[in-house]
Amino acid sequence: MAMQVGSGGGDDEPMVDINTTPLIDVMLVLLIMFIITIPIQTHAVKMNMPIPNQQQPPQEPRLPVRIDIDFDGTIGWNGELVADRDELEARLSQVAAEADQQEVHVRPNKLVTYKHVAAVMASAQRLGVTKIGLVGNEQFLD
């Protein structure tokens with residue numbers, strides 16, 4: 001009632017099964033060697049970080065310049081209307097000429113066309129205003 005285990009019928013036939021134990025041992029040794037020899041990869045993101053200046057910060061915070069662009073393209077500077085584009089550029093050049101520039105906040109109306117906003121942003125960029133941003137974007141979520 002004994003059961004025969006193996007591929008051959010008797011003792012004098014060669015064993016045809018492959019012995020995988022040495023292959024697994026070699027594979028594990030190679031895996032450990034690769035893990036040890038692979039250098040640790042550091043993921044770096046290159047960023048332009050601001051350089052701290054040694055000057056004393058101003059005593060009182062300056063309020064940002066608020067440029068409002070109405071739906072028909074009229075431009076307001078801190079609540080007062082700007083007559084034309086030349087006056088706007090003159091005021092922007094004064095801001096750009098300062099050593100420590102004021103922030104410029106552009107607040108477009110929801111219904112204004114893109115060309116009016118782009119014209120103000122292009123003028124500010126051309127004149128050298130660096131601290132500029134769009135505010136009031138939550139009105140465009142609807």
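How many residues does helix H3 have, and what does it reach from its first C-alpha to its last?

## Helix H3

Helix H3 spans residues 114-127, has 14 residues and reaches 20 Å from its first C-alpha to its last, close to the 20 Å expected at 1.5 Å a residue. The expected span is 1.5 Å times one less than the number of residues. Helices (H or I, at least four residues) and strands (E, at least two) are DSSP runs numbered from the N terminus.

This is a predicted model, in which local features need pLDDT of at least 70, side-chain atom pairs count only at pLDDT 80 or more, and totals for chains, interfaces and linings use all residues. Residues are numbered from 1 along each chain as its sequence is written, and side-chain values use heavy atoms, with hydrogens and water left out.

Val 117, Val 120, Ser 123 and Ala 124 are buried in H3. These residues cover an arc of only 130° around the axis, which puts them on the same side of H3. The arc is taken from the directions between the helix axis and the C-beta atoms. Buried means under 20% relative accessible area, exposed over 50%, and partly exposed in between (1.4 Å probe, protein chains only).

The face turned away from the buried side carries the exposed Tyr 114, Lys 115, Gln 125 and Arg 126. Just after H3, Gly 128 has a positive phi of about 100°.

## Helix H2

The buried residues of H2 are Leu 88, Glu 89, Arg 91, Leu 92, Val 95 and Ala 96. They fall within an arc of 165° seen down the axis, so they line one face of H2. On the face turned away, Asp 86, Gln 94 and Ala 97 are exposed.
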